[in-house]
Amino acid sequence: MAYIGSLDQGTSSTRFMIFDADGKVVGQHQMEHRQILPQAGWVEHDAAEIWDRTKEVIAGALKQADILGSDLAAIGITNQRETTVAWDVTTGRPLHNAIVWQDTRTADYLEGFAQSAKDAITFKTGLAIAPYFSGSKMNWLIQNSDAVKAAIASGSARFGTIDSWLLWNLSGGTQGGVHFTDVTNASRTLLMNLETLQWDDELLGYFDIPRTVLPEIKSSSEKYALTDPHGPLGSAVPIAGILGDQHAAMVGQVCFERGESKTTYGTGNFALLNTGKEIVRSKNGLLSTVCYKFGDAPAMYALEGSVAVTGSAIQWLRDQLGIITNAAETESLASSVTDTAGVYFVPAFSGLFAPYWRSDARGVIVGLTRAATKAHLARAALEAICYQTRDVMDAMVADSGVPMTEMRVDGGITANALCMQMQADTMGIDITRPLITETTALGAAYAAGLAVEFWKDTDELKKQWKQSRRWNPTSSSEDRAIGYAGWKKAIERTLNWA
């Protein structure tokens, strides 16, 4: 069995990728799903639609690679984190649309927590008190969905993040599907204790969530179950890796040592720094989280900075403003001007994440003059991605005491050479992109492959990492300081709005 499969379920699409022993892609298929926006600040997905897309992309990737499911040694799962599903274990149907990580409907509920409760939650989980995480979404479903209430009463309700939903379906669903999650996804719920790596009774109590509905927490790399032979793979294949998408990218970028970091550019931006076996408590608005846990080995931890809107700001230029017809156009449009003509765009569409954690912030475009064009706005959107990343990385350096000399990057926007050069110039450090940029899917494949001994150890994986491009900074420290001061001024304008 010469291949490993990776199911990468993201915010806007689902894909299945097939890798060989060298980490090269031999087949893939990807499909988008709907973004359901019932009202301002609410973002939902249809979990049944995501499962349908999953079946289709698995079939498509196997066909493209011209192999059978039985040719796979194992599959891994990686997923958009925090997005929360409740389903009925007897019917196999979702009880409500999944509530997406970007959703802000629970902000007022969280504001109502006493400061002592907030402090206890933050200390135990390493997370900020924000609607971003799953705990308050689960509480909302329990309080507001009659179907959820009835299923909890009858004992047929199951809650989980997207990984649990997919694992349950892949392993048989109503015909014996298993209900597990891994430590990385569990660490994003506000319900898991970072030190014990288990659900915490005190935390469950704060959110009124019964333990019985939650999955069992496992490591990120072990055999959880076999796929249902009647399912999309057509045979019993070990499901052996689960990692939340950002943790998977850390593994895909082989950031196995303390002090190694990566930034993934997707719908949002996520920077992680490996802190080894130590939980580093942030003093600068970052999150402490599990980096990964391979089998029986100790968990490795990380500091994380999350930016809510980066790639989705480019989508906004395309879909809401109509100033570009596809994302790739942004580079040529932004390159047609030499600067932003003083325009700053802060895309705080759902508040600001790290290091600010302000759910009252809203997006602004400032510094407009009559001379500003759509090209300046496109360039300001790229600059916003770079400045938000710098905000997070400055906080990481302050928290960890580890100076940063280079940053590994992956994700869609890294194909935009102008944006990556701007990133190097904004931060004053080298930016490196790997040969295989689909590091999220690769990381889940690595986790699954280690569990079934498809790869021997992490040293073997490290040898596979190769650089495809490096960007060196060309800006002066004075230019960087002036530009960043303007950004900080623009951030001020976003606050106290909602």
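**View 1. Helix 3 and the lining of the second largest pocket.** Helix 3 (115–125) gives the largest share of this lining, 5 residues. This is a predicted model, in which local features need pLDDT of at least 70, side-chain atom pairs count only at pLDDT 80 or more, and totals for chains, interfaces and linings use all residues. Residues are numbered from 1 along each chain as its sequence is written, and side-chain values use heavy atoms, leaving out hydrogens and water. Helices (H or I, at least four residues) and strands (E, at least two) are DSSP runs, numbered from the N terminus. On a 1 Å grid over the protein atoms alone, a pocket is an open set of points where a 1.4 Å probe fits, with protein on both sides within 12 Å along at least five of seven lines; lining residues have an atom within 4 Å of a point. Of the 37 lining residues here, Glu111, Ala128, Ile129, Ala130 and Trp357 lie nearest the centre. The lining divides into 16 nonpolar, 11 polar and 10 charged residues.

**View 2. The largest nonpolar core.** Picture buried Ala, Val, Leu, Ile, Met, Phe, Trp, Tyr and Cys residues joined through side-chain atoms within 4.5 Å: that is a nonpolar core. Buried means under 20% relative accessible area, exposed over 50%, and partly exposed in between (1.4 Å probe, protein chains only). This core has 92 residues, and Phe159, Ile209, Leu214 and Leu382 touch the most other members. Helix 12 (residues 374–400) brings the largest share, 12 residues. Apart from this core lies another, of 32 residues, among them Ala47 and Trp87.

View 3. Look for serine 221 in strand 13 (residues 221–226). Serine 221 counts as buried because its relative accessibility is 7%. Contact means heavy atoms within 4.5 Å; not counting residues up to four places away in sequence, serine 221 touches Ala240, Lys293, Phe294, Gly295, Ala447, Leu450 and Ala451. Serine 221 and alanine 447 are 226 residues apart in sequence, yet their C-alpha atoms are 5.0 Å apart in space.

View 4. Most residues other than glycine have a negative phi, and most peptide bonds are trans. Aspartate 208, in the loop between helix 8 (201–207) and strand 12 (216–218), has a positive phi of about 55 degrees. Alanine 341 also has a positive phi of about 55 degrees, and counts as partly exposed at 36% relative accessibility. The peptide bond from alanine 354 to proline 355 is cis, with omega near -5 degrees.

Key:
Ala, Val, Leu, Ile, Met, Phe, Trp, Tyr, Cys and Pro count as nonpolar, Asp, Glu, Lys and Arg as charged, and the others, Gly among them, as polar.
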